Amino acid sequence: QVQLVESGGGLVQAGTSLRLSCAASGRTFSAYAMAWFRQAPGEEREFVARITWSTGFTYYADSVKGRFTISRDTAKNTMYLEMNSLVPGDTAVYYCAAGPGGSNWKIYGSWGQGTQVTVSS
C-alpha cells in the first residue's frame with residue numbers, strides 16, 4: 001500500500017500559477033504510475049495527468065495540455081503538478097493517485113486526501 005499526501009492548493013486569480021505536490025511513502029516500488037485527478041462539485045472525478053514512475057513518461061488530458069506539467073522526483077518520492085494559466089474551470093479538489101496507469105480513476109488503488117484549488121475570475 002502506498003500512502004499519499006497532497007499539498008499546495010489554494011485560492012488564486014485566473015491567469016496565475018500554482019504548484020501541487022504529492023509525497024509518497026510505503027510500498028512506493030509497487031506503484032507503476034502516479035496521476036492527478038480532480039473533482040468539481042457535482043461532477044465526476046476527472047483525469048488530469050499521469051506519469052510513469054520509472055521512465056517519466058507523461059500523458060495529459062486535452063483540457064490541461066500545454067498549461068499543466070506533471071513531474072516527479074524519484075529521490076524524494078514526490079510528484080508535482082505545475083499549473084499555469086489557470087482558469088475558473090480548473091476549480092476543483094485535486095487528488096493524487098498511485099496505481100497501474102491509465103486514465104480511469106477506478107483502477108487506481110491508492111489516493112491522497114485531496115487539496116482544494118479555487119481559481120477566481
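Strands here are DSSP runs of E, at least two residues long, numbered from the N terminus. What you have open is a predicted model, where local features need pLDDT of at least 70, side-chain atom pairs count only at pLDDT 80 or more, and totals for chains, interfaces and linings use all residues. Residues are numbered from 1 along each chain as its sequence is written, and side-chain values use heavy atoms, with hydrogens and water left out.

Next, select S21, whose bridge partner in β8 is Y80. Now widen the selection to the whole of β3 (residues 18–26) and β8 (residues 78–83): they pair in the antiparallel sense over 6 bridges. Two strands count as paired if DSSP finds at least two bridges between them.

Click on Q3 and look across to S25, its bridge partner in β3.

Time to zoom out. Which strands make up the open sheet, and in what order? There are 4 strands, in the order β1-β3-β8-β7, with antiparallel pairing. β1 and β7 (68–73) stand at the edges with a single partner strand each, so one side of each has no neighbour in the sheet. From one strand to the next, the twist averages 20 degrees (axes are lines fitted to C-alpha atoms, and angles run from 0 to 180 degrees between N-to-C directions).

Zoom back in on E6, which sits in β1 (residues 2–7). E6 is buried, yet has no salt bridge. Buried means under 20% relative accessible area, exposed means over 50%, and partly exposed is in between, using a 1.4 Å probe and protein chains only. A salt bridge needs a side-chain nitrogen of Lys or Arg within 4 Å of a carboxyl oxygen of Asp or Glu. The nearest side chain of opposite charge, R45, is 7.7 Å away.

So what does the side chain of E6 reach? Show the backbone nitrogens: C96 is reached at 2.8 Å, and G114 at 2.7 Å.

Last stop: E46, in strand β5 (residues 46–52). E46 is partly exposed, with a relative accessible area of 34%. Leaving aside neighbours within four places in sequence, E46 is in contact (heavy atoms within 4.5 Å) with W36, F37, R38 and S63. Finally, select A61: 15 residues from E46 in sequence, but 9.0 Å away in space, C-alpha to C-alpha.

Note on methods
Lys, Arg positive; Asp, Glu negative; His and termini not counted. Polar contact = N/O pair within 3.5 Å; in protein donor to acceptor, adjacent residues only side chain to side chain.
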